[in-house]
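Colleague: I am new to this one. Please take me through it, and expect me to ask how you know.

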Amino acid sequence: QDGDSVRVTIENELGKSEDVFKWVIGCDGAHSITRKLQNIPYPGAIHDSNFVALHASFDGLPEELSKVSYSSLTFHKTPEGRSAGLCFAVQTPDDFPRSFLLVLDINDKESEKFYTGERNKYGRKLLRPITPEEAFEIVDGRWYGKDQVKVVPGSIKWCTMFTINSRQASLYRSGRIFLAGDAAHCHSPLGGQGMNMGIQDAVNLAWKLGQVCSGKSSPDLLDTYHAERYQVDKRILRWVEKGNNTVFSRSPIVSMIRTRARRSLSMMMKLLPLVQFALPVLSMVNYSYSNCSDLSHEHWERPPLWPVPVSRVYPFGGYRRRQNFFRIVSKRVRSGDRLPNLHLPDSTRIYPYSCGWLLILCEGQTEGNRELKRNLLDVDILSRKELHSFGEALKSTTGIIDKVVVYPSSDVGAHEKLGVYGQCLFLVRPDSHVGLRSEPMRYDVVVDYLRNRVKLKSVSNARKCMYKPSPKFDPVPFVVWLSIALGAFGLYSKIKRQ
């Protein structure tokens with residue numbers, strides 16, 4: 001590659017050819033040639049166990065399995081009660097209800113007869129291919145036994161042995177070349193996160209690459225791809241690895257804890273709607289880019305210290321204290337968070353998301369707006385009509401905002417879901433994550449965000465923003481009340497001595 005393009009050699013069954021591209025995205029799997037040619041490290045570890053997968057149709061299965069789609073995770077124990085591996089069984093649509101994909105773990109002792117005597121570059125012992133008969137010998141006792149079910153002749157679609165790696169590329173970008181999907185990260189199939197992670201990689205990169213290729217933003221915007229996806233993927237890999245070690249461990253202590261945890265979870269599932277908490281995690285809609293890159297930005301302002309309206313410091317720290325708690329503790333949508341599935345004023349829903357850049361303006365609650373007006377300088381509380389004009393003016397100036405939505409104060413549900421108290425705006429990115437949250441609303445703050453963070457060329461000559469964002473924690477209330485406490489303690493000590 002050079003400063004303007006990448007020369008790519010493509011080799012397949014049709015032959016070999018060369019071509020030149022502006023950008024290249026390597027989505028060529030865990031053994032990515034793209035990653036290796038760029039000499040990008042792929043550090044990580046290999047799970048101790050080996051695994052067997054068998055995809056086939058079976059005769060002799062219980063009749064109840066034909067009524068609903070079935071999956072199970074069973075932990076096998078020896079007669080002495082020791083953990084002896086697991087079997088994950090999932091029913092597949094082909095040849096329903098007889099077709100199943102079975103995945104089983106085998107430890108080093110059980111793997112001995114499959115070792116070839118050679119090792120790979122990581123020092124791992126290599127395995128020979130496994131036969132269906134050998135695979136079913138392992139299945140026997142962990143699922144249904146050989147005396148109960150039989151493999152349908154000619155139905156075997158897949159029979160293999162494999163190992164599980166947990167790895168992550170050190171860089172997701174090298175000049176004009178990007179990595180996505182398994183080329184950037186791989187891990188255990190536990191939790192079913194692999195495909196979701198790859199899709200989120202693509203979604204995050206696609207809109208940024210689209211803006212750069214269309215000439216709207218400078219290439220510096222693409223640096224945020226690694227900054228955001230690397231950190232989120234790293235958290236997911238850590239979570240999957242911990243779960244993997246817990247599920248596949250054969251330690252007697254871990255086995256005992258796992259058994260009791262399963263019983264407790266079964267009871268909790270009956271009492272609590274755990275599915276509604278688990279689904280956002282598994283579908284990756286609750287991961288946030290907050291604090292990952294400059295694209296996640298919040299603009300808040302503090303009142304001046306002088307002149308001092310009583311409401312700013314009293315009671316108990318006043319407006320400054322309340323803003324501290326609201327920003328740090330309250331349940332609200334933060335910059336970097338994925339936008340919740342709100343009802344739009346036209347009675348449609350946000351998702352499936354197709355808004356491009358979306359500007360959301362919230363009218364705010366009466367008391368919240370009153371506090372903004374009383375405590376901050378140069379703040380105008382806009383009417384609903386003025387909010388529409390404000391949004392359309394920004395849309396015209398930036399040339400990038402596709403849709404403007406105004407939520408009136410009467411839409412309490414939207415204000416609660418977004419965590420809005422005073423008049424506030426959200427600028428939502430094309431991947432449905434909040435880029436900017438600004439309270440109070442500032443026209444110049446939006447333009448400044450697009451110029452300096454999104455690298456938008458159309459506003460590169462806009463006037464400099466005069467409003468400075470305040471830090472997350474305001475020390476003034478703490479200092480005020482610490483001074484009062486120390487003064488009171490000093491006065492108490494003086495009176496006591498007298």
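**Rings, charges and strands**

Modeller: A search of the whole structure finds twelve aromatic pairs. The model is predicted. One of the pairs is Phe51 with Phe162.

Colleague: Why is the pair of Phe51 and Phe162 called stacked?

Modeller: Two values decide. The ring centres of Phe51 and Phe162 are 5.6 Å apart, and a pair needs centres within 6.5 Å. The angle between the planes is 20 degrees. Planes under 30 degrees apart count as stacked. So the pair of Phe51 and Phe162 is stacked.

Colleague: What makes Phe51 and Phe162 a link between distant parts of the chain?

Modeller: Phe51 is in strand 4 and Phe162 is in strand 11. The two are 111 residues apart.

Colleague: How do you know whether Phe51 and Phe162 are buried or partly exposed?

Modeller: Buried means under 20% relative accessible area. Phe51 has 1% relative accessibility, so Phe51 is buried. Phe162 has 24%.

Colleague: Why is the pair of Trp207 and Trp357 called edge-to-face?

Modeller: The planes of Trp207 and Trp357 are 85 degrees apart. Over 60 degrees counts as edge-to-face. The centres are 5.5 Å apart, within the 6.5 Å limit. So Trp207 and Trp357 form an edge-to-face pair.

Colleague: What makes Trp207 and Trp357 buried?

Modeller: The cut-off is under 20%. Trp207 has a relative accessible area of 9%, so Trp207 is buried. Trp357 has 2%, so Trp357 is buried.

Colleague: Which rings form a cluster?

Modeller: Trp23, Tyr172, Phe178, Tyr225 and Tyr230 are linked by ring pairs. Trp23 has a charge over its face as well: Arg176 lies there, at 4.2 Å from the ring centre. Arg35 lies over the face of Tyr42, at 3.6 Å from the ring centre.

Colleague: How many salt bridges does the structure hold?

Modeller: The structure holds 20. One of them joins Asp201 and Arg229.

Colleague: How do you know that Asp201 and Arg229 form a salt bridge?

Modeller: Their closest N and O atoms are 2.7 Å apart. The limit is 4 Å, so the pair is a salt bridge. Asp201 lies in helix 4 (residues 194–213) and Arg229 in helix 5 (residues 223–248), so the bridge ties together parts that are 28 residues apart in sequence. Both residues, Asp201 and Arg229, are buried.

Colleague: What separates Glu367 and Arg370 in helix 10?

Modeller: About one helical turn, because Glu367 and Arg370 are three residues apart in helix 10 (residues 366–375). Their side chains meet in a salt bridge at 2.6 Å, N to O. Glu367 has 36% relative accessibility and counts as partly exposed. Arg370 has 41% and also counts as partly exposed.

Colleague: Why is the contact of Glu439 with Arg437 called a salt bridge?

Modeller: The closest N and O atoms of Glu439 and Arg437 are 3.5 Å apart. The limit is 4 Å, so the pair is a salt bridge. Glu439 is buried at 7% relative accessibility. Arg437 is buried at 0%. Elsewhere, Lys208, Glu228, Arg429 and Asp431 are linked in a network of salt bridges.

Colleague: What makes Ser438 buried?

Modeller: Ser438 has 0% relative accessibility, under the 20% cut-off, so Ser438 is buried. Ser438 is found in strand 19 (residues 434–439). A polar atom of the Ser438 side chain lies 2.7 Å from the backbone oxygen of Pro440. Beyond its neighbours within four places in sequence, Ser438 is in contact with His299, Cys424, Leu425 and Val445.

Colleague: What makes strand 3 and strand 12 edge strands?

Modeller: An open sheet of three strands has the order 3-13-12, with mixed pairing. Strand 3 (24–26) and strand 12 (173–174) each pair on one side only. Strand 3 and strand 13 (residues 177–179) pair in the parallel sense over three bridges.

How values were computed
Residues numbered from 1 in each chain as written. Predicted model: local features only at pLDDT ≥ 70, side-chain atom pairs only at ≥ 80, totals over all residues. Heavy atoms only, no water. Helix = DSSP H or I, 4+ residues; strand = E, 2+ residues; numbered from the N terminus. Buried < 20%, exposed > 50% of the residue type's maximum accessible area, 1.4 Å probe, protein only. Polar contact = N/O pair within 3.5 Å; in protein donor to acceptor, adjacent residues only side chain to side chain. Contact = heavy atoms within 4.5 Å. Pairing = 2+ DSSP bridges. Phe/Tyr/Trp six-rings, centres within 6.5 Å; stacked < 30°, edge-to-face > 60°. Lys NZ or Arg CZ within 6 Å of the ring centre and 35° of its normal.
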